[in-house]
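Have a look at it yourself before reading on.

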Amino acid sequence: MNQKNLLEVDWSKIPAPADDGAAAHLVGMTIPPISLVATDDSSVTLSALKGRIVVFAYPRTGEPGKIALVDDWDMIPGARGCTPQTCAFRDLFAELKAAGAAHVFGLSTQENAYQTEMASRLHLPFPVLSDEKLQLTRALDLPTMEVAGLTLIKRMALIIDDARITHVFYPVFPPDRNAGDVLVWLKENPG
């Protein structure tokens, strides 16, 4: 399947992910001291950052005009929508910061070079972290799915306060509303 437009999605034709309970254990967990490479060429250790952190995770962003990872990508519950989710966090970035987010990060298991191209193309004001080696994913036992031989993080968002997960958004659907839902939560739950 050719991905002509990654942003215009009719969500009524996309299957919504079910809450499979795979994120139920995360609230209260401490983030381990794992460094991940970021699209701004830094190394980020989430556990070392102070204040409130928003991390939104997604399976895999696509490239306009390129072939999807698998032909039925859109029919995998929770797969489609990584670019709309990321762009929504981009568009609400200033408001998220004003609502108390000291840091905002995207997270996926895609390699950093690919993520860097995507971050540049989408003009992201925040870094995207690559967990290509699945270190953080495995340490936290994040919800994943296997597609085309790859382990991908299921779409979610984490609120982290001083290295402890205090809230989890999971499952996330439709993806383009995730940033708005996080913003509402931040305003209702000042850090």
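Predicted model: local features only at pLDDT ≥ 70, side-chain atom pairs only at ≥ 80, totals over all residues.

Residues are numbered from 1 along each chain as its sequence is written, and side-chain values use heavy atoms, with hydrogens and water left out.

**The whole chain**

The protein chain has five helices and nine strands (DSSP runs numbered from the N terminus: H or I of at least four residues for helices, E of at least two for strands). Starting at the N terminus, they come in the order β-β-β-α-α-β-α-β-α-β-β-β-β-α. The chain is as compact as a globular protein of its length, because its radius of gyration of 15 Å is close to the 16 Å that the globule rule gives for 191 residues (taken over C-alpha atoms; the rule is 2.2 Å times the number of residues to the power 0.38).

Here are some more values for the chain:

| Property | Value |
|---|---|
| C-alpha trace along its principal axes | about 40 × 35 × 30 Å |
| Buried residues | 52% of the 191 residues |
| Accessible surface | about 8500 Å² |

Buried means under 20% relative accessible area and exposed over 50%, with partly exposed in between (1.4 Å probe, protein chains only). The accessible areas come from the Shrake-Rupley method with a 1.4 Å probe, and for residues only the protein chains shown count as cover. Of the accessible surface, 53% belongs to carbon and sulfur atoms.

**Helix α5**

Which residues of helix α5 are buried? In this helix, residues 178-188, they are Asn178, Ala179, Val182, Leu183, Trp185 and Leu186. Looking down the axis of α5, you'd find them within an arc of 165 degrees, so they line one face of the helix (the arc is that of the directions from the helix axis to the C-beta atoms). On the face turned away from that buried side sit the exposed residues Lys187 and Glu188. The cover over the buried residues of α5 includes β3 (52-57), α1 (82-91) and β8 (156-161).

**Leu136**

Leu136 belongs to helix α4 (residues 135-140), and its relative accessibility is 4%, so Leu136 counts as buried. Leaving aside residues up to four places away in sequence, Leu136 touches several others, among them Ile31, Pro32, Leu107 and Leu142 (contact means heavy atoms within 4.5 Å). By contrast, Arg121 is 15 residues from Leu136 along the chain, and their C-alpha atoms are separated by 26 Å.
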